[in-house]
Amino acid sequence: MTLKSLTSQVLLGVRRWIDSSAGAEAAELFHGPQRIDLVRSLPFLVLHLSCLAVIWVGWSWAAVSVALALYLIRMFCITGFYHRYFSHRSFRTSRIGQFALALLGATCVQRGPLWWAAHHRLHHQRSDEEDDVHSPVQHGFLWSHIGWITSKANFPTRLDVVPDLARYPELHFLDRFDTLIPVGMIAAMGFLGGWLRVHFPGLGTSGPQMICWGFCISTLVLFHASCTINSLSHKMGKRRYATGDESRNSFLLALLTFGEGWHNNHHHYPGAVAQAHYWWEVDLTLYLLKTLSWMGLIWDLHPVPKRVRAHQLLSA
Ligand SMILES: [Zn+2]
Ligand SMILES: [Zn+2]
């Protein structure tokens, strides 16, 4: 590789930090090799390293509380909106409501709604087969948990997999410039911490401390907790249904991820708004989505039909 082509590759990687569809067509990259793209993954690496700043900025109850609140709210946003709405269309809402769900989902810093939904739909189509890019059975635990996200082949959005979502220009825009949301969050956290430092100095917080806890640590814990569904949920727990993959049900992961841990149930019947198939299976996302439906914000919640629970039982 010449110096000129190397420079243009690096510059293109940097451009894609801001504009995810810059450069080559998605289809060209998607069929490329599964190799780590260092330049493109640099912000992700920086996010991990930035947590070390806690050594210098310290902690306060205010900053830790904001971090925890943002973890809890955003866990619901990723499971309820990116997963159960955009990936599976398990309920309906208005077009404005849909954009609001997309914006809230984008605060989780797991790329745009089209990218997330497309990859997830492909996972369901090819679960634990060779071309399931985050199968721990096929590619190992570490790759399924974090490696696949850093791969050049997995950066583009496969619009052909999400034609029902791709027809909305506002979702396209958010998918292309998803970086704007975390940049706005960092600014908001910095402002909040600075404002609290001036007006409530007794809280012992500051702008940098609030960015470190409210954005960096909270986002990173959220990221790794939700990624357990790609990695651990195909390794840890029990199987109720013969789904043809290695998906499993885990009470522990269901608690951590607001109900997503009932992953074998979900692979058995992905279109339902519930991942719990019985009342004792804790599914916080379901309860919160039901609350939104009682408020009239979402509707047509797709239930789990009774007959589904009697099919393909492993113990039968
Ligand atoms: Zn799965
Ligand atoms: Zn799913």
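This is a predicted model: local features need pLDDT of at least 70, side-chain atom pairs count only at pLDDT 80 or more; totals for chains, interfaces and linings use all residues.
Pro 113, Leu 114 and Trp 115 in α7 meet Leu 171, Leu 174 and Asp 175 in α11. Helix α7 covers residues 113–125 and helix α11 covers residues 169–176. Their axes come within 7 Å of each other. They cross at roughly 90°. An angle between 65 and 115 degrees counts as roughly perpendicular, and α7 and α11 are therefore roughly perpendicular to each other.

Stay with Asp 175, one of the α11 residues in that meeting. Is Asp 175 buried or exposed? The cut-off for a buried residue is 20 or more other C-beta atoms within 10 Å. Asp 175 has 26 of them, so it is buried. Its contacts, leaving aside neighbours within four places in sequence, are Gly 112, Pro 113, Leu 114, Trp 115 and Thr 157. Pro 113, Leu 114 and Trp 115 belong to α7. Asp 19 is 156 residues away from Asp 175 in sequence. In space, the two C-alpha atoms are 9.1 Å apart.

Now step back to the whole chain. It has 16 helices and zero strands. The radius of gyration is 20 Å, close to the 20 Å that the globule rule gives for 316 residues, so the chain is as compact as a globular protein of that length. Along the principal axes, the C-alpha trace spans about 60 × 55 × 35 Å. Of the 316 residues, 39% count as buried.

Arg 89 sits in the loop between α5 (61–87) and α6 (95–106). Its phi is positive, about 45°, although Arg 89 is not a glycine. With 15 other C-beta atoms within 10 Å, Arg 89 is partly exposed. Asp 128 is in the loop between α7 and α8 (136–139). Here too phi is positive in a residue other than glycine, with a value near 65°. Asp 128 has 19 other C-beta atoms within 10 Å.

Which residues does His 267 contact, beyond its neighbours within four places in sequence? They are Ser 127, Thr 243, Asp 245 and Ser 247. Gln 209 is another matter. It is 58 residues from His 267 along the chain, and the two C-alpha atoms are separated by 40 Å.

The loop between α15 and α16 (284–294) holds Glu 281. This residue counts as partly exposed, with 17 C-beta neighbours inside 10 Å. Beyond residues up to four places away in sequence, Glu 281 touches Ala 254, Trp 262 and Ala 276. Asn 249 lies 32 residues from Glu 281 along the chain. Their C-alpha atoms are separated by 9.7 Å.

Finish at Gly 190, in helix α12 (residues 180–199). Gly 190 is partly exposed, with 18 other C-beta atoms within 10 Å. It touches Gly 207, Met 210 and Ile 211, not counting residues up to four places away in sequence. Ser 206 is 16 residues from Gly 190 in sequence, with a C-alpha to C-alpha distance of 7.7 Å.

Methods:
Residues are numbered from 1 along each chain as its sequence is written. Chains are lettered from A and ligands numbered from 1 in the order in which they are written. Helices (H or I, at least four residues) and strands (E, at least two) are DSSP runs, numbered from the N terminus. The radius of gyration is taken over C-alpha atoms; the globule rule is 2.2 Å times the number of residues to the power 0.38. A residue is buried if 20 or more other C-beta atoms lie within 10 Å of its own, exposed if 12 or fewer, and partly exposed in between; C-beta atoms are placed from the backbone. Axes are lines fitted to C-alpha atoms, for helices over the stretch in contact, and angles run from 0 to 180 degrees between N-to-C directions. Angles under 35 degrees count as roughly parallel, over 145 as roughly antiparallel, 65 to 115 as roughly perpendicular and the rest as oblique. Two residues are in contact if their C-beta atoms, placed from the backbone, lie within 7 Å.
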